[in-house]
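Here is a short briefing for a first look.

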Amino acid sequence: MSIYYIYQDHNRCIGCYACEIHCKTKNELPVGPRLCRIIETEIKLIGGLPRQRFVFMPCFHCEDPWCVKACPTGAMQKRSKDGIVFVEHSLCVGCKSCITACPWGVPQWNPEIGKIVKCDYCKDRIDRGLEPACVTKCTTKALRFISASEASRLKRESFVKETYASLY
Amino acid sequence: MNRSLYSVCGMCSVRCPIRVEVTDERINWIEGNPNVPGIEHSLCARGSSGISLLYDFERLQYPMIRIGPRGSGQFKRASWEEAFKYVAEAIGNIQSQYGKKSIALVDRGAGLFGEIQRVFLRSIGSPNYFSHDDFCRKNVDLAYQTLLGYGRPEVGYDFSNTKHMVFYGRNALESLGVREANNIIKALSNGARLTYLDVRVSKTATKATKFLQIRPGTDYAFNLALIHVILRENLFDREFVERFITGLPELENFIKPYTPDWAEKETGIPSYEIVELAKQLSADKPKVILYPGWFAARTMNYFYNARSIIILNALLGSIEQKGGLILAKTPKEVGAKGLNSLLERVPAPQEKRIEAEEGKGFLYDGAGHILHLFRAIKTGQPYPIKGLFVMRYDPFAGITHKDIQELLNGLDLLVAIDTNYSSTAWYADVVLPESTYLERDDMIGMQRGAKPTLIMRRKAINPLYDTKGKWEIFTGLAKACGFGDYMPYESIEDIWNYQLEGTGIKIEEFEKTGQVALCKDPLMYSRDDLRFKTKSQKIEILSEKMVEREVPYFLEFQSPPKPDIEKGEFKLVFGRIAVHTHVQTHNNKYLNEIIPENDLWINDQVAKQLGIKDGDIIEISSDDYSAKIRAKVTPFIHPETVFMYRGFENEVPFKTRSVGKGVNEGRFLKGAFEKMAYGSHTGVLFENFIKVRKA
Ligand code: SF4
Ligand code: SF4
Ligand code: SF4
């Protein structure tokens, strides 16, 4: 896992899909590949109230990435300084092994260049001291770019808040 | 070469402040203006997709003059000079035959930068300016005018500090403005309540602290009962009411029969919920916002419904109140000089606008009533309208084919001005392509509020095609018509300098953050200093304006007719989705990729009876139109209603990504454009029934 994590605050997310467009414009992608996705869950009644989640799915930047192992040319790489998983386009031959290998279908086919594209946490922005496009411009600031350890802290806190709220 | 500049988004009418980055004359980054609270880099999907609009081939690229029959899409490319000359001659012919007033202009509402088209219309001597607001917020606007003397754009909502918001189908998280959505989310995370009424579970409903599913067309009944309880149980803000409201005894008398038990039968909402809400609001007052919303062209009674919502705010003392409704201050009130108006350079037209010739019994303001305009075009009464300018608005995308035909029959000249290749442009005689908001400068706008602030849109790059900014189009037209003296502007700086003259503000000052505030701190009045802009300076339930126009103060509630759902008849309701703006963005390659077409929400129990399963292709029809659409079967919609996201099924073949995709709700509105709401004469778009059956 990279040292970074994109944390999604479900109480803030309104399912507006802006993050997907922020990503596509930043990466100048054609129609087809979507480096992150918002996946909507079905509406459910919870405690008598209608609730729905809009789950943000970028790349997880695994510690031991399936896609890197599956790549025969070494195009799919993990950056040593921070663990970001990215494709080196000069080496990608478009064999799509990574698409098969990744359990979440994260690597995407770019028909315009005949190569794989994938979320790289906007590493060029990170290297300039900025945050990823999807995080920076998220409509309601539902996404946060944080360290992996902070992510577990936030998750644990929000779990208690949401699960135990009804008891108090 | 890199540069960065501040400007204003143009992907929807909210017009969020933005920052744009240009690298080697190519725009590669747009974000929300980081200096503006509530925005801070944020942008919605449409805002970000401005880049794909800009670099899209499938938009208007040069002026065009029609050569084939109307609606054939046969145009020839024209130079600007040629197009201006053509239009000027047509105007000359029409005006010499039918008078100056026979030319009308309709836009989406003046907004921040909309004065320039009105200056042009005035230059050619016509009083007939219209906005599309009759299909949007006009009921709210007129309701505010009658009660407070302020218009809708002069009332802001302090969501971020509120304790309780009540929304009536105001789907604020999908029909989206960035700042408003952030303020609402902020309020919720601070523990505010959101009571949300709608016929279906929208995304806003999924964030509500209370969701009340209401029978379509009965919001007004709900509000009457709410007023009833608040008055009966003394739940109102007595001090505010005694100081500021006139007509309370009459209101008390009128409201007597509208008990919560009565409302339960109309709305389907249990009476205890209404009583409970009244008590909660009273406990949360004055930091409450009952939000009359934007889109209010719903039912015949919606002007009176909007009044009932504003009256509720007044009873709860939430007006000119932190966490409530906040009135806009004029530049003068905050001790500044405001912008000079370009309109003032042109003499007011001598002739009277359509409404002034149509007797009394309805209210109107300077933006007229579009249904009166349509009627005048069709019938020639009270006088003929023969030339129509349609500015960044697409009426033909939202009405029936029969209505389009009747309008075309009545017109000698139809000019469409837009960035988008709209349906109206497809039928027009002359199409004048406006540069996108990223390629054009606009006149300086004033954002109204407790802290009036000037904001500037400037072009980030030069136009990619043979298009022009709005100010160039209208000054060009005025010149071609022989009225160039009224619009003597050679450059946008001429306009900006004229607007700023005497304010002490220089053009360069906008470079720092894109905005210039007219005062340091927001100005709010204490109750001792508060005066309303009505004649009595109070909140007039017995409105002077209504007396003058012979419009009754109160309207009895009439139960809306029930559709025969067993026979597959439903009330059609439609609304917005967060990735699209009205009918304008469905062809944008990125937005289209996410939501290319709509489906039809239908209640699961009813669907079962009709043999319709989730995902089935079904047929929907009105008396004169039918189409096929996918069913979305869900328990989360009222059984009497079907719902679709609006604006799909574009009919312009040039827009290949969206042509024929999904279904257009407007084509099913047979007869809707003859119906005018009580008191306000606005559109009534949620009273149509359609039939649904298995295809
Ligand atoms: S932009 Fe933000 S609020 Fe919108 S869907 Fe993405 S994460 Fe959610
Ligand atoms: S981090 Fe960058 S590449 Fe990854 S989903 Fe967000 S915007 Fe796209
Ligand atoms: S809400 Fe979105 S489209 Fe509308 S002005 Fe703001 S950023 Fe632009």
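In chain B, β10(B) and strand β11 (residues 210–213) run parallel and are joined by 4 bridges. Within that pairing, B:Asp198 has B:Gln213 in β11(B) as its bridge partner. The model is predicted.

**Around strand β10 of chain B**

- Strand β10 covers residues 193–198 of chain B, and 5 of its 6 residues are buried, so the rest of the structure largely encloses the strand.
- Strand β9 (residues 164–168) of chain B also pairs with β10(B). The sense is parallel, and the pairing has 5 bridges.
- In β10(B), B:Thr195 stands opposite B:Val166.
- Between β9(B) and β10(B) the chain passes through helix α6 (residues 178–189) of chain B. This β-α-β crossover is right-handed.

**Around strand β16 of chain B**

- Strand β16 takes in residues 413–418 of chain B. The strand is mostly covered, with 6 of its 6 residues buried.
- In a regular strand, side chains alternate between the two faces of the sheet.
- From β16(B), B:Leu413, B:Val415 and B:Ile417 point one way. B:Leu414, B:Ala416 and B:Asp418 point the other way. Residues of both sets are buried.
- Strand β15 (residues 387–391) of chain B runs parallel to β16(B), and 5 bridges join them. Here B:Met391 stands opposite B:Ile417.
- Strand β17 (residues 430–433) of chain B is parallel to β16(B) too, with 4 bridges between them. Here B:Ile417 stands opposite B:Leu432 of β17(B).
- A right-handed β-α-β unit is made by β15(B), helix α14 (residues 401–410) of chain B and β16(B).

**The barrel in chain B**

- Chain B holds a closed barrel of 6 strands, in the order β22-β26-β23-β25-β24-β27, and its pairing is mixed.
- From one strand to the next, the twist averages 45 degrees.
- Strand β22 (residues 569–575) and strand β27 (residues 689–694) of chain B run antiparallel, joined by 3 bridges.
- Across that pairing, B:Phe689 in β27(B) stands opposite B:Lys571.

**The ligands**

- Which residues surround ligand 1? They are A:Cys13, A:Ile14, A:Gly15, A:Cys16, A:Tyr17, A:Ala18, A:Cys19, A:Ile38, A:Cys138, A:Thr139, A:Thr140 and A:Leu143.
- The shell around ligand 1 has 9 nonpolar and 3 polar residues, and no charged ones.
- Ligand 2 has several cysteines around it, including A:Cys23, A:Cys36, A:Cys119, A:Cys122 and A:Cys134. Other residues around ligand 2 include A:Asn27, A:Asp120 and A:Tyr121.
- By class, the shell of ligand 2 divides into 8 nonpolar, 1 polar and 1 charged.
- One residue of the ligand 2 shell, A:Cys134, counts as buried because its relative accessibility is 8%, under the 20% cut-off.
- Ligand 3 is surrounded by 13 residues. The closest are B:Cys9, B:Cys12, B:Arg15, B:Cys16 and B:Cys44.
- The shell around ligand 3 counts 9 nonpolar, 2 polar and 2 charged residues.

**Cysteines and disulfides**

- A disulfide is a covalent bond between the sulfur atoms of two cysteines.
- How many disulfides are there over all chains? The count comes to 0.
- A:Cys71 is in no disulfide. The nearest cysteine sulfur is that of A:Cys95, 6.1 Å away, whereas a disulfide requires sulfur atoms within 2.5 Å.
- A:Cys71 has 17% relative accessibility, so it counts as buried.

Definitions and conventions
Residues numbered from 1 in each chain as written. Chains lettered and ligands numbered in written order. Predicted model: local features only at pLDDT ≥ 70, side-chain atom pairs only at ≥ 80, totals over all residues. Heavy atoms only, no water. Buried < 20%, exposed > 50% of the residue type's maximum accessible area, 1.4 Å probe, protein only. Near = heavy atom within 4 Å. Nonpolar A, V, L, I, M, F, W, Y, C, P; charged D, E, K, R; others polar. Helix = DSSP H or I, 4+ residues; strand = E, 2+ residues; numbered from the N terminus. Pairing = 2+ DSSP bridges. Right-handed = clockwise from strand over helix to strand, strands pointing away. Axes fitted to C-alpha atoms, helices over the stretch in contact; angles between N-to-C directions.
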